[in-house]
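Me: I am new to this structure and would like to understand the terms used to describe it. Could you take them slowly, setting each value against its rule?

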Amino acid sequence: MKELSFYYMLRIRFSGPVTNHRFTVRCVPRDNERQKIRQLETSVLPKESLSYDLDSFGNYCIYGYCHSPHDLFEVSVKGIAQTGLADSEYAGMDYLMGRYRYQTDYTRPGNTLMDFYRQFYFSEGTSNLEKSMQMMDALYQNFRYEQGVTNISTTAEEAMELGRGVCQDYSHILISLCRMAKIPARYVVGMLIGEGASHAWVEIYDNERWYALDPTNMLIVNEDHIKISTGRDYNDCILNQGIMVGLTQQTQEIEVLVQERG
C-alpha cells in the first residue's frame, strides 16, 4: 500500500470570449477496492452552474454551464489516494459484461491485428488473466512507444500498422486482442507516478473480478497508479468535453503530478 498525493489541472485559453459553454469533466478519482480517496478538492472556473453525477460507466462527472462571456476555462483536482489495497475489483457476474465483449470503432481489428492475434494458442484451462498477460507480453515485444506518430483519433488497427504509439494505442490494441479472445476488457484513464499527463491502461475480466494491466509499461497495475475513469474505449473516458458559442481558437495545458507521501 502507498499514499500518493495527486494534482490534476486542465486549463483552456480562448483567443476571444465564448458564451453558452456546456461541459462535462471526468477527472475526479473515486473510491474502489484498490484505492481510497481522501482530502479531495475540486475547482472549476467559471463555475456559473455546476452539477455532479455518475455516468453510465460509473465515472464521476462534473457537468457545467456558463452563459457569461469568458476566455479561460480551468479545472483542478487534488487529494490523497491510498493505493494497492487489493489486487483486483469485484466486477459482477459474467452476464453483466456484454458491453465490454464487443469491438468498438477504436478497437475493431483489421488484417494487421487479426494476423497478430493468430500467433496465440491458449491451452484448455488457461485463465483470462493468463491469456491477457501473454498477449500483453507479445504486444510489448512488437510495439514501440513513440510520441507524435498517432493522435486521439488513431484506432488500434492503424496503430498496429505503424508499430508505434502511446499509452492510448497500447491499451486499444490489448483490448482488441482480448475481445478477439472472448475476454471482456475495458479502457482505463488515470494517473501514474512519473507521468506529467494522464495515463491509460486496461482492465480484463476474470472470474467476476477486474484485473488491471498496463501494457505500455508491461506490468500488472500496482500502487503507483490512480484510476479515474473506465469505459469501452477512449471515447467513453474523455476527460473534458464541451460545446460553446464563439469564433475563437483555443490552447490547452494539462499538468499532472503524482508523488508518494513520506
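Me: In which strand is tyrosine 90 placed?

Reply: Tyrosine 90 lies in strand 6, which covers residues 89–90, where strands (E, at least two residues) and helices (H or I, at least four residues) are DSSP runs numbered from the N terminus. This is a predicted model, in which local features need pLDDT of at least 70, side-chain atom pairs count only at pLDDT 80 or more, and totals for chains, interfaces and linings use all residues. Residues are numbered from 1 along each chain as its sequence is written, and side-chain values use heavy atoms, with hydrogens and water left out.

Me: Why is tyrosine 90 called partly exposed?

Reply: Buried means under 20% relative accessible area, exposed means over 50%, and partly exposed is in between, with a 1.4 Å probe and protein chains only. Tyrosine 90 has a relative accessible area of 49%, and therefore it counts as partly exposed.

Me: What makes Tyr90, Met93, Tyr95 and Leu96 a nonpolar patch?

Reply: A patch is made of residues with over 30% relative accessible area and no salt bridge, and nonpolar side chains (Val, Leu, Ile, Met, Phe, Trp, Tyr) are joined within 5 Å, whereas like charges are joined within 9 Å. Tyr90, Met93, Tyr95 and Leu96 form such a patch on the surface, with about 480 Å² of accessible area together, an area that comes from the Shrake-Rupley method with a 1.4 Å probe, only the protein chains shown counting as cover for residues.

Me: How do you know that glutamate 253 and arginine 11 form a salt bridge?

Reply: A salt bridge is a side-chain nitrogen of Lys or Arg within 4 Å of a carboxyl oxygen of Asp or Glu. For glutamate 253 and arginine 11 the closest N and O atoms are 3.3 Å apart, so the pair meets the rule. This pair links distant parts of the chain, with glutamate 253 in strand 15 (residues 250–260) and arginine 11 in strand 1 (residues 2–25), 242 residues apart. By this rule the count comes to 19 salt bridges.

Me: What makes arginine 232 and aspartate 236 a salt bridge?

Reply: The side chains of aspartate 236 and arginine 232 meet at 2.8 Å, N to O, which is within 4 Å, so the pair is a salt bridge. Salt bridges that share partners also join Arg11, Arg13, Glu74 and Glu253 into one network. Aspartate 236 is buried because its relative accessible area is 10%, whereas arginine 232 is partly exposed because its value is 32%.

Me: What makes a space a pocket or a cavity?

Reply: On a 1 Å grid over the protein atoms alone, a cavity is a set of points where a 1.4 Å probe fits but cannot get out, while a pocket is an open set with protein on both sides within 12 Å along at least five of seven lines; lining residues have an atom within 4 Å of a point. The largest pocket has a volume of about 720 Å³, a volume being the space filled by probe spheres set on the points, which are joined across faces, edges and corners. Of the 29 residues that line the largest pocket, the closest to its centre are Ile152, Gln168, Ala197, Ser198 and Tyr234. Helix 4 (167–180) gives the largest share of this lining, 3 residues.

Me: How many cavities of 30 Å³ or more does a search of the whole structure find?

Reply: The search finds 1 cavity of 30 Å³ or more, and about 90 Å³ of space lies in the largest cavity. Of the 14 residues that line the largest cavity, the closest to its centre are Arg34, Gln35, Val221, His225 and Lys227. Strand 13 (residues 225–231) gives the most to this lining, with 3 residues.

Me: Why is valine 188 called buried?

Reply: Valine 188, which is found in strand 9, has a relative accessible area of 0%, and therefore it is buried, the limit being under 20%.
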